[in-house]
Every structure is written in C-alpha cells, then in structure tokens.
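Let's take a walk through this one together. Have a look at the model first, and then we'll go through it piece by piece.

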Amino acid sequence: GGAEGGQLGGGAGLLWLARAVDQCPGGARPAGPLVFWPVVRRWGFHCAGGHQVDTGFQRGGVGLNGAQIVAGAVASRDFQDVHHDPAKAKKRGSPSIFMNIMTTSGLTSRYITDWAGPNVIFRDLSIRLGVPNFPDDTMTFSGQVNKAEIRDGKGIVEVGVRGANSIGDHVTATAELELPTS
C-alpha cells in the first residue's frame, strides 16, 4: 500500500497534497494535486510560482509496417481497400496503404495504459487524426498531464497525447482517467 509502494493508498487526495508540499522548492505550495506515474515510478505536479516537477510521460516509439496496418484494419473489421491493398491505395492517390482510426485508437490507449497502469479507468477518450501512418515509418508518442484533481473522492487526471511520424502529427488525443486509489 501507500505512496512509497507505487500505489495510492486510502485518503489518496490528502496523500497527494502532503507529498506535494514536501517536494516544492523553497516551501512553495502545489498549484494542483500530486500525480503518481506508475511506469516511471515517480510523482509529478506543478508548484505555485510556476515551478514544474516532472509532469511528462516517457516518449515511446511504434515501428509501423504493412502487416501491422493490415492486421489492425482486419481485426477491427475495416475492409476499406486503402488499409490493405497497396495498388488500390495508390490508385486513390495515396503513396501506400495507411493505418485506420481503430488501430490508432488502440495504440493511443495502450500508450496511456502503459503510463497509467493496467487498472486505470478511461472515463473519456477523444482522438483527432492528422497525417496518415504509412508502412516503414515510426510513430513517436509523447504526453503530458493537463489537469489532475480529486473529484467525488477519486483521482481524476486529464492527459494529452500526441503521436507523430516523419510527416507530422498522426494523432492528438485527450483522455480523462480515473486512477486506482488502492
């Protein structure tokens, strides 16, 4: 149990604030609640006076290949030819097949759960697609905590995520998460 063990114990809101007060430089007060990131096993928060204490996610890259793009489309029952037939994708003006939104949503959700832990509850996930994901590229994820609060006794965190490839942002997402409290 407890914060030292990597999980939020009982009275999570009080624990978050107590830890934040101890870690802000010069005795500054936290400007928001303390958040725990299980993947990196550390806390992050903003202190009054603008000092930021480790609020980012670790970056993560996903290698993209044709088999993955086709498998994601077929698994989500998306049989549009631009997701599995290179000749037809080119005929429609695309340089190659490209990833569908369901695969993008799955990869984005996985990046978030790798950060927040397997017991996180997604309360909301909003995804916006940008440039396509083509084979033989890499999509690099990055993310940050936008907001953290105690609501109805639960640790609620809003995160922003970006997945970019060599031609630009493929996905931008916002998720509201309920973090486990025990």
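Where is the place of I101? I101 sits in helix α4, which covers residues 101-116. Keep in mind that this is a predicted model. With 43% relative accessibility, I101 counts as partly exposed, because that class lies between the 20% and 50% cut-offs. Together with M102 and L129, I101 makes a nonpolar surface patch of about 280 Å².

Now for what the helix lies on. α4 lies across β4, β5, β6 (137-151), β7 (154-165) and β8, and runs at about 135 degrees to β5. Those strands belong to an open sheet of 5 strands, ordered β4-β6-β7-β8-β5 with antiparallel pairing. β4 (60-64) and β5 (121-129) are at the edges with a single partner strand each, so one side of each has no neighbour in the sheet. On average, neighbouring strands here are turned by 20 degrees against each other, direction ignored. β5 pairs with β8 (residues 168-179) over 8 bridges, in the antiparallel sense; there, L125 has A175 in β8 as its bridge partner.

On to the charges: the structure holds 8 salt bridges. R151 forms one with E149, with the closest N and O atoms 2.6 Å apart, and another with E176, at 3.3 Å. The R151 and E176 pair links distant parts of the chain, strand β6 and strand β8, 25 residues apart. Both residues are part of a salt-bridge network that links R123, K147, E149, R151, E176 and E178. R162 and D169 also meet in a salt bridge, 2.5 Å from N to O. R162 is partly exposed at 36%, and D169 is partly exposed at 29%.

Key
Residues are numbered from 1 along each chain as its sequence is written. This is a predicted model: local features need pLDDT of at least 70, side-chain atom pairs count only at pLDDT 80 or more; totals for chains, interfaces and linings use all residues. Side-chain values use heavy atoms; hydrogens and water are left out. Patches are made of residues with over 30% relative accessible area and no salt bridge: like charges are joined within 9 Å, nonpolar side chains (Val, Leu, Ile, Met, Phe, Trp, Tyr) within 5 Å. Accessible areas come from the Shrake-Rupley method with a 1.4 Å probe; for residues, only the protein chains shown count as cover. A salt bridge is a side-chain nitrogen of Lys or Arg within 4 Å of a carboxyl oxygen of Asp or Glu. Helices (H or I, at least four residues) and strands (E, at least two) are DSSP runs, numbered from the N terminus. Buried means under 20% relative accessible area, exposed over 50%, partly exposed in between (1.4 Å probe, protein chains only). Two strands pair if DSSP finds at least two bridges between them. Axes are lines fitted to C-alpha atoms, for helices over the stretch in contact, and angles run from 0 to 180 degrees between N-to-C directions. Contact means heavy atoms within 4.5 Å.
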